[in-house]
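Take a look at the model below. Follow the chain from one end to the other before reading on.

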Amino acid sequence: MSKKDEYLTLMESQIKKWDAEVDKLRAKSDQAGADARAKFDEQLKAMRASRDAANKKLQEMRTASESAWQQMQAGADSAWASMKNALEKASSHFKK
């Protein structure tokens, strides 16, 4: 398996984990009060935008040549970091 394939597999797995985490947070927000739900809905929009950006980078990398995907990796890593930060921010509100 090439480095590109390994990276893509890892990122696809990470997106699935994030989706599952978002689903858990959504269930917690459903049990919370209206204030918590409203805050979560705002954060959910940000998480979806970050996830969509990360997924778009992943799709671009999937079709890129071996040399081009390496150049795209930095942009993808940035999109992953943004998604991770958004998820951690949303999670922190329910851990309090």
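H1 and H2 are roughly antiparallel to each other, because their axes cross at roughly 165° and angles over 145 degrees count as roughly antiparallel. This is a predicted model. The axes of H1 and H2 come within 11 Å. Their crossing is left-handed.

Which residues make the contact between the two helices? H1 contributes Lys 4, Tyr 7, Leu 8, Met 11, Glu 12, Ile 15, Asp 19, Val 22, Leu 25, Arg 26, Ser 29 and Asp 30. H2 contributes Arg 37, Phe 40, Leu 44, Met 47, Arg 48, Arg 51, Asn 55, Leu 58, Met 61 and Arg 62. The table sorts the residues of this contact by class.

| Class | Residues in the contact of H1 with H2 |
|---|---|
| Nonpolar | 11 residues |
| Polar | 2 residues |

**The whole protein**

Now step back. The protein has 3 helices and 0 strands. From the N terminus on, the order is α-α-α. Along the principal axes, the C-alpha atoms fill a box of roughly 50 × 20 × 20 Å. The chain has 96 residues, and buried residues make up 28% of them.

**Helix H2**

How far apart are the end C-alpha atoms of H2? They are 43 Å apart. H2 covers residues 34-63, which is 30 residues. At 1.5 Å a residue, the helix should therefore span 44 Å, and the model agrees.

H2 also has a set of buried residues: Phe 40, Gln 43, Leu 44, Met 47, Ser 50, Ala 54, Leu 58 and Met 61. An α-helix has 3.6 residues a turn, so residues three or four places apart point the same way.

Leu 58 is found in helix H2. Is Leu 58 buried or exposed? Leu 58 is buried, because its relative accessible area is 1% and buried means under 20%.

What does Leu 58 touch, leaving aside its neighbours within four places in sequence? Leu 58 is in contact with Leu 8, Met 11, Glu 12, Ile 15 and Trp 80. Take Glu 12 as one of these. Leu 58 and Glu 12 are 46 residues apart along the chain. Their C-alpha atoms are separated by 7.9 Å. Both Leu 58 and Glu 12 belong to the contact of H1 with H2.

Methods. Residues are numbered from 1 along each chain as its sequence is written. This is a predicted model: local features need pLDDT of at least 70, side-chain atom pairs count only at pLDDT 80 or more; totals for chains, interfaces and linings use all residues. Side-chain values use heavy atoms; hydrogens and water are left out. Helices (H or I, at least four residues) and strands (E, at least two) are DSSP runs, numbered from the N terminus. The expected span of a helix is 1.5 Å times one less than its number of residues. Buried means under 20% relative accessible area, exposed over 50%, partly exposed in between (1.4 Å probe, protein chains only). Axes are lines fitted to C-alpha atoms, for helices over the stretch in contact, and angles run from 0 to 180 degrees between N-to-C directions. Angles under 35 degrees count as roughly parallel, over 145 as roughly antiparallel, 65 to 115 as roughly perpendicular and the rest as oblique. A crossing is left-handed if the near helix is turned anticlockwise from the far one by less than a right angle, and right-handed if clockwise. Contact means heavy atoms within 4.5 Å. Ala, Val, Leu, Ile, Met, Phe, Trp, Tyr, Cys and Pro count as nonpolar, Asp, Glu, Lys and Arg as charged, and the others, Gly among them, as polar.
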